[in-house]
Amino acid sequence: MRLEEAKQNLDLVISEVRKIVVGQSEMVKDVLVAILTDSHALLEGYPGLAKTLTVKTIGSLMDLKFSRIQNTPDLMPSDITGTYIVNERREFKFQPGPIFANIVLSDEINRAPPKVQSALLEVMQERQVTAGNTTFKLERPFFVLATMNPLEMEGTFALGEAQADRFLLKIKAQYPSTEEELEIVERYAESSNPIKLKPIMKKETIEYLQELTKQVPIARDIKRYAVDLIRLTRTKKDLIEYGASPRASIGLILASKARALMEGRNYVSKEDIKTMAYPVLRHRIILTFEAERNNLTEDDVIRELLK
Amino acid sequence: MSQIIQVINEIKKELFKIGIFQSLLHSIIVFLISFIILIPFTIKWFLAFVPAGMWFIGNLFYYTKKRNLEYVESLFPLINEQLRTAKDNLGKDNEIIRRLNQDVLEKARRIKTSFFINLKALNIAVVVIIALSFSIFFTSYFNINKINFKDFNFKDPADSFKKIISGDKASGGSGEGKNEDIYGKGSVAILGNNELNLQLNPSGTELNPEDLKDPEKKNFDSAFPQDIKSSAEANFKEDIPKENQEIVKKYFEKITGGK
């Protein structure tokens with residue numbers, strides 16, 4: 001597959017998603033970036049901004065095994081990883097949980113208790129499940145696309161910084177524009193024919209695109225620019241209390257490569273770094289009290305760093 | 001891959017050539033300015049080469065350092081970031097890098113040397129050189145090669161400059177030593193009611209001591225030529241009446257102190 005064909009494939013996925021999801025083009029692109037980099041993404045936004053719908057739609061377009069975990073406070077780790085059950089012949093048999101899929105939608109991850117979050121994050125990192133004395137490898141590709149609602153705090157368990165660091169991107173769902181909202185109303189309140197999508201991207205294609213993403217070359221000074229940006233989060237003490245780790249540097253370069261591939265470019269541009277800095281860094285920095293007192297958000301601080 | 005190296009080397013070579021040309025042009029300006037500054041202080045003119053040379057080396061170093069591939073890309077947005085990426089990934093080989101190299105080679109063909117030359121800056125430099133050359137020409141024409149700051153009247157600078165330009169109190173440019181009064185005093189030059197306006201061409205009065213030779217000995221003939229004869233004065237023998245001749249004779253003898 002050539003570069004143009006790769007772009008065509010990705011454009012096709014985006015156009016298919018648009019048949020279901022109105023607007024949220026940046027969110028859709030960022031989810032695809034996570035898929036191309038073989039990483040996980042955390043989608044944050046107010047209820048009703050098509051977070052779950054986007055992930056479900058992308059999942060249905062991929063010819064991959066898709067599963068959904070609806071997180072609740074009473075969920076147990078074995079509910080997602082799987083457990084040994086006794087079968088009819090009175091033998092212990094491992095019953096895989098919903099985590100045994102290629103694309104896992106972990107809805108409202110902050111509602112899951114810390115034990116479940118910890119189990120999920122371990123699986124995300126190691127890409128394997130250990131039950132009893134047996135370790136089960138997960139099938140590749142494996143993505144966890146988690147959604148989170150920033151509004152409700154009661155009955156939720158906030159993700160720790162170390163846990164959030166497992167996600168390559170923290171994607172923010174934005175409110176749609178007036179035109180987009182009108183289209184949403186027309187499509188879902190006035191039409192009764194739900195659009196059905198067919199898988200258009202095979203497992204091999206995804207794996208090949210992931211390989212192609214890693215091959216996108218980057219100039220040394222642009223690489224340095226990315227690393228300097230990450231290092232700046234550790235030295236900007238007036239705004240950031242805790243900066244990003246070297247994992248963020250790797251993530252930023254990888255995400256920029258994926259972005260370049262999606263744009264059909266055969267090189268990483270400085271603009272890619274700037275664009276991807278927001279989803280890569282916003283969950284990896286902890287603002288100082290002074291910055292929060294000034295009503296600055298993570299995005300404001302990242303914007304300041306990019307100046 | 002080797003083609004990319006070749007293209008990058010060619011671009012660097014062209015940039016270096018332009019760097020030399022630009023540095024040379026700027027050095028000429030520095031030389032001319034230094035020359036103009038040195039003339040009034042009667043400092044050896046060839047010392048103007050020192051700042052010019054230093055400028056040339058410094059400028060060339062700065063130019064070579066600043067004019068890198070990023071600069072080339074800024075001039076050609078078409079290959080922005082691609083040229084650097086291709087250069088930094090020379091050792092690697094994959095499908096995308098091969099495609100990138102191909103793109104860079106195609107676009108690099110459109111790069112011409114003339115694009116690197118800043119025509120505006122070049123024009124300004126040429127105009128400055130011409131202006132400085134003319135100022136040196138006029139400085140020579142008005143013979144301003146030494147300003148005596150002791151005699152400079154700061155209360156009336158216009159008059160002092162006028163004197164400098166007119167040559168008053170300035171050296172005449174001929175010979176060495178004190179020659180401030182070569183034109184003499186103005187009062188001496190006044191004849192009656194008419195002022196004698198003397199103008200000496202300094203170049204015409206140049207004397208080269210090396211051209212001076214010892215006086216040659218000449219032998220003259222002792223005999224006068226035939227056509228030259230001596231004749232006696234006979235004024236008193238002119239038409240004087242005879243009765244008065246004796247009186248005239250005595251008169252002349254008296255005034256000449258004769259016997």
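These are my notebook entries on a predicted model with chains A and B.

**Entry 1: the domains of chain A**

I began with the domain assignment, which gives domain 1 (3-190) and domain 2 (216-306) for chain A. I then looked up how the two sit against each other. The C-alpha centres of domain 1 and domain 2 of chain A lie 23 Å apart. Their contact takes 23 residues from domain 1 of chain A and 21 residues from domain 2 of chain A.

**Entry 2: helix α9**

Next I picked one helix to walk along, α9 of chain A, which covers residues 220-235. It has 16 residues and reaches 22 Å from its first C-alpha to its last, close to the 22 Å expected at 1.5 Å a residue.

Which residues of α9(A) are buried? I listed A:I222, A:Y225, A:A226, A:L229, A:I230 and A:T233. Looking down the axis of α9(A), I found these buried residues within an arc of 130°, so they line one face of the helix.

**Entry 3: the nonpolar cores**

From there I went to the largest nonpolar core, which has 71 residues. The members that touch the most others are A:M62, A:L169, A:L252, A:L261 and A:I273. This core draws at least three residues from each of domain 1 (3-190) and domain 2 (216-306) of chain A.

I took a closer look at A:L252. Leaving out residues up to four places away in sequence, A:L252 touches A:A226, A:L229, A:I230, A:I273, A:M276, A:A277 and A:V280. Three of those names were already in my α9(A) notes: A:A226, A:L229 and A:I230 are among the buried residues of that helix. A reminder to myself: in soluble globular proteins, nonpolar side chains tend to be buried together.

I then checked the loops. Where is A:P141 placed? I found A:P141 in the loop between β7 (134-137) and β8 (143-148) of chain A. A cis peptide bond joins A:R140 to A:P141, with omega about -5°.

At 24% relative accessibility, A:A50 counts as partly exposed.

With a relative accessible area of 22%, A:E108 is partly exposed.

**Entry 4: chain B**

Last, I turned to chain B. How many helices and strands does chain B have? I noted 8 helices and 2 strands, in the order α-α-α-α-α-α-α-β-β-α along the sequence.

Chain B has 259 residues, of which 25% count as buried. Its accessible surface comes to about 20500 Å², with 59% belonging to carbon and sulfur atoms. For the contacts in chain B with a separation of 6 or more, residues 24 or more positions apart account for 65%.

Conventions: Residues are numbered from 1 along each chain as its sequence is written. Chains are lettered from A and ligands numbered from 1 in the order in which they are written. This is a predicted model: local features need pLDDT of at least 70, side-chain atom pairs count only at pLDDT 80 or more; totals for chains, interfaces and linings use all residues. Side-chain values use heavy atoms; hydrogens and water are left out. Helices (H or I, at least four residues) and strands (E, at least two) are DSSP runs, numbered from the N terminus. The expected span of a helix is 1.5 Å times one less than its number of residues. Buried means under 20% relative accessible area, exposed over 50%, partly exposed in between (1.4 Å probe, protein chains only). The arc is that of the directions from the helix axis to the C-beta atoms. Contact means heavy atoms within 4.5 Å. Accessible areas come from the Shrake-Rupley method with a 1.4 Å probe; for residues, only the protein chains shown count as cover. A nonpolar core is a set of buried Ala, Val, Leu, Ile, Met, Phe, Trp, Tyr and Cys residues joined through side-chain atoms within 4.5 Å. Domain bounds come from an automatic or database domain assignment.
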